Amino acid sequence: MVFDLELIKKLYAELPMKVMAARNLVGHPLTMAEKILYAHSFTPANRIYQRGKDYVDFAPDRVAMQDATAQMALLQFDTCGRKNVAVPSTVHCDHLIQAKVGAKIDLDTAIDINREVYDFLASISNKYGIGFWKPGAGIIHQVVLENYAFPGGMMIGTDSHTPNAGGLGMIAIGVGGADAVDVMAGLPWELKMPKLIGVKLTGKMSGWTSAKDIILWVAGQLTVKGGTGAIVEYFGEGADSISCTGKATICNMGAEIGATCSLFTYDDRMAGYLKATGRAEVAQLADGVRDHLRPDPEVYSNPAKYYDQVLELNLSELEPHVNGPFTPDLATPISKMAEAVAANGWPDAVEVALIGSCTNSSYEDISRSASIAAQAKTKGLKTASEFTITPGSEVVRYTIEKDGYLKTFDEIGGVVLANACGPCIGQWARHIDDPTRKNTIVTSFNRNFAKRNDGLASTHAFVASPEIVTAYAIAGRLSFNPLKDKLTNANGEQVMLDEPKGFELPPNGFSVEDAGYLAPAADGTGVQVVVKSDSTRLQLLEPFTPWEGTDLKGLRLLIRVKGKCTTDHISMAGPWLKYRGHLDNISNNMLIGAINSYNMQTDSVKNALTGGYGPVPATAREYKAAGIGSVVIGDENYGEGSSREHAAMEPRHLGVRVILVKSFARIHETNLKKQGMLGVTFADKEDYEKVQEDDVIDIIGLTEFAPGKQLTMVLHHADGKSDKIKLNHTYNQQQIEWFKAGSALNLIRKQFANA
C-alpha cells in the first residue's frame, strides 16, 4: 500500500515552479533544504527569509505522533473544535512497552496494563481520521521511514527523533504536541528560518566503520548545542555511497546536537529503498524531479558560500567511535578507547550490550551485527555480557526471523525484545545486583544521559554502532578494539573477529504477515471517545488561565538549576510514561532530576512559606495554593533532549510563571511559548549568580511586552537589598499573543468557536 500518493504527485507537480520562484526570489543557487522550505511556505514567499532571524509560517505535509506524546497532543486537539485532521496524521504505539523478559511476554503485558490508553488512542484516532499503528507494529521513526517518508516532503512529529525521515530526503522536525495541533487543525506552523550547516562527505566507508560513526564524529565536532537552530545537510559523493537506512541513522541522532533536523539529498540509494518497501511509484515520481531534490550544482562546487558553516569528512579515513558516558557528544575513536577508559576510571566491564532502537534497527544493521554474532559460535567464543536486540518494526522483525538472523542471536544468548523503544527511553527492567555500583553498558541508541536507560545514576552508558556493540557483547570489555585485539576462545586459542558483512536490503525482499496498521473510519462523527473521570492515566484538559494584564510581582524562586538540565531532568520518562495523558499526576515528577545549585541535591528545594526543604513538585503546589507564582532559573541549553511538551506543561500547571535560563534548546523554548509560559534568558549570563535562595522576584515590562524589547527582573533579597537584571527574549508578536491568551491553544479554540 502506498500512502499519500495523490499528495506526493501534487507536490512533485508543483515543485519545479516553486523552486524556480524561490531561486529568483533569493537571487542565488539553492541548497536542498532551502528548496523544501520555500516550497512549503504556508503562503507563497514574497520576501527572502533571513536565516536565524525571521519566523516563517510553513505547511507540513503530515504529522506523526508516538503514544506517549500523542495522548497530550490529542487531548489538546480534541478541544479545538475540528471534525477531522487537516493533513495525514498517524499515531504509533511504541513508548509504553517495557522491556523485561522478551518480546511476546513484554508486549502482552503492555497491552494489558495500557489497555485504557491504547483504547483511547485508537478511538480518538478513529474519530478524527488518524492512522493508528498498534502496539508491536514498531518504533515510530522506522515505521515512518518504511511507509510515509518521501524525498522533498516536510513533516513534523511529536518526538525529537522525527528527523530520522531525513534519510529519505525529507525535512522532518521534532515538535511539541501543541505544534502538532496547529498543523492537524489546518493552521500554519511557525518556525524560525533555520541556519544551514553543510557536511561534505568524501570517500567511502569500509570494514568496521558504519553510518553511526559519522554522526558520532559530527556530535564530537558540534557538541550538544552546536546544531541549535540549524538544519544539517549532508552532501557529496560520500553521502551518495551510504544506504538509505544509514542516512536515517545519521539524521536521527542529529537531535543530539540540537539540530532542527538533518537531511540527505535524493539519490539512487533512496530510490532503491523506496522500491524495496513497496513504493516504486514514489521513486519514479522522485526521479522525475531529481534535480529539484538535490542542491544546485553551484552549491556543490562552493559550499562555503551557501551554508552558514561547513564540515568536511573523508569517510575512507573515518574509524569507529564510541561516545559517552553521560553525554552524546563526548566522542572517542575506537583506537583511543582503552586509553580513555584507563584515564577516566570508567568501568571496563561491559555488563549489558544493547542493539536496535529507532536509530539502528534496520535490516542492514541487523545483518551486519548478526555476521559478528555468528563468529562467536564458529570461533568458539561466548558472549561475556548480557545482549539484547530490539527490532525497529514488525516488517524488519519478521524479515530477519525469516532470514535466520534471530536464530543467530538466540544461539549466542541474545534476547530479542519487542518492536518498541524499550531500554532506549528508560522502559527497561534492568537486572543488576547493586544499583549503586558503577557499571558500564553500551548501546546503539542515540541518547545516554545519566539515568536515561535504566534510571541508575551509577550506570555509564556509551553509544556506538550495532557492530561495535555486538563486538563488546562478545569481548565484555570497553577497552576492547575489534580492529586489532584478539580474544581467547573456549579452547584457549587467540582469535580475532572478522569485519562485519551484511546486506543493505534483504536479498529476498521484506516480508510481513501483519504490519499492525488500522485505517481510520471514513466518517468518525459517531465514534465515542471516553475518558473516565476517576482515571489515573488520562485527564481531560482545562484551559490555562490568560495573563492578568499586569507585571508579575511577588514571585518566589522554586529552584536554581545547576548544570545540564534535559527534558529527562524536567519530566522523567521510564515509570512516569504511564501518566503522559494525565497532566496532574505526571506533574509530580517536575524537575525531580534537576540539581539545586544551593545544596547540590536533587528534588530538594527551600520552601519560602515554611523555611524547610522539600520536593520540587510539592513546593510548587504549596506556592500555587497560596496564590504565589514561582520562578525556575536554569543553566545552558536548558531543555536539551526530547520534544516532550510535558516539560513545559508541568511547570505551567503547577504555577510556575517564568523560566529564566542562560540558553534554551530549540524545541523546549517553543513548547514553553505554546503553553503561555514566559521563557526568557539572561542578558548577562553572570547575573545567574545574583539570584539568591530567599529572593522575592518581580518581572517588569510585561505591560509593554514587544518583540526585541528587554524585560527587567527585580530581585528583592532577604537583607533588604535588591538587584535589577535585564532579560532577553525571542518572542514575536504572535507568540506574545499566545502568552497573553494563556496558551496558543486558547487562541485556536477562540478561532474555531468564532468560525
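Guide: Happy to. Let's begin with Thr 245, which touches Leu 145, Tyr 273, Ser 362 and Glu 364, leaving aside residues up to four places away in sequence. Keep in mind that this is a predicted model.

Visitor: Where is Thr 245 found?

Guide: Thr 245 sits in helix α10, which covers residues 244-253.

Visitor: And is Thr 245 buried or exposed?

Guide: Buried: its relative accessibility is 8%, and the cut-off for buried is under 20%.

Visitor: Okay, the cores next. Which residues touch the most other members of the largest nonpolar core?

Guide: Those are Leu 74, Ile 171, Leu 201, Ile 214 and Tyr 234, in a core of 138 residues. Leu 201 has contacts with both Ile 214 and Tyr 234, and its other partners include Phe 235, Ile 242, Phe 264, Leu 313 and Leu 315. Apart from that core lies another one, of 40 residues, with Phe 387, Ile 412, Ala 475 and Leu 478 among them.

Visitor: What else pairs with β5?

Guide: Strand β2, residues 62-66, also in the parallel sense, over three bridges. There, Arg 62 has Met 155 as its bridge partner.

Visitor: Which way do the residues of β5 point?

Guide: Met 154 and Ile 156 point one way, Met 155 and Gly 157 the other, and all are buried.

Visitor: Switching to helices: how far apart are the ends of α1?

Guide: The end C-alpha atoms of α1 (residues 5-26) are 31 Å apart. At 1.5 Å a residue, its 22 residues should span 32 Å, so the two values agree.

Visitor: Where is the kink in α1?

Guide: At Leu 15, shortly before Pro 16, with a bend of about 45°. Leu 15 is also one of the buried residues of α1, along with Leu 11, Tyr 12 and Val 19 among others. The cover over those buried residues includes α2 (32-39) and α12 (280-288). Just after α1 comes Gly 27, with a positive phi of about 75°.

Visitor: Which other residues have a positive phi, glycine aside?

Guide: Thr 223 is one, at about 70°, and Asn 637 is another, near 55°. Most residues other than glycine have a negative phi. Thr 223 lies in the loop between α8 (211-222) and β9 (230-235), and counts as partly exposed at 33% relative accessibility. Asn 637 is buried, at 5%, in the loop between β25 and α22 (646-653).

Visitor: Where is the cis peptide bond?

Guide: Between Gly 324 and Pro 325, with omega of about 5°. Pro 325 is in the loop between β12 (321-323) and β13 (331-333).

Visitor: You mentioned β25. What does β25 belong to?

Guide: A closed barrel of seven strands, in the order β22-β25-β26-β27-β30-β29-β28, with mixed pairing. The twist from one strand to the next averages 40°. Within it, β22 (residues 552-560) and β25 (residues 630-633) pair in the parallel sense over four bridges, and Leu 557 has Val 631 as its bridge partner.

Visitor: And which helix lies across β22 and β25?

Guide: That's α21, residues 616-625, running at about 170° to β22.

Methods: Residues are numbered from 1 along each chain as its sequence is written. This is a predicted model: local features need pLDDT of at least 70, side-chain atom pairs count only at pLDDT 80 or more; totals for chains, interfaces and linings use all residues. Side-chain values use heavy atoms; hydrogens and water are left out. A nonpolar core is a set of buried Ala, Val, Leu, Ile, Met, Phe, Trp, Tyr and Cys residues joined through side-chain atoms within 4.5 Å. Buried means under 20% relative accessible area, exposed over 50%, partly exposed in between (1.4 Å probe, protein chains only). Contact means heavy atoms within 4.5 Å. Two strands pair if DSSP finds at least two bridges between them. Helices (H or I, at least four residues) and strands (E, at least two) are DSSP runs, numbered from the N terminus. Axes are lines fitted to C-alpha atoms, for helices over the stretch in contact, and angles run from 0 to 180 degrees between N-to-C directions. The expected span of a helix is 1.5 Å times one less than its number of residues. The bend at a residue is the angle between axes fitted to the seven residues ending there and the seven starting there.
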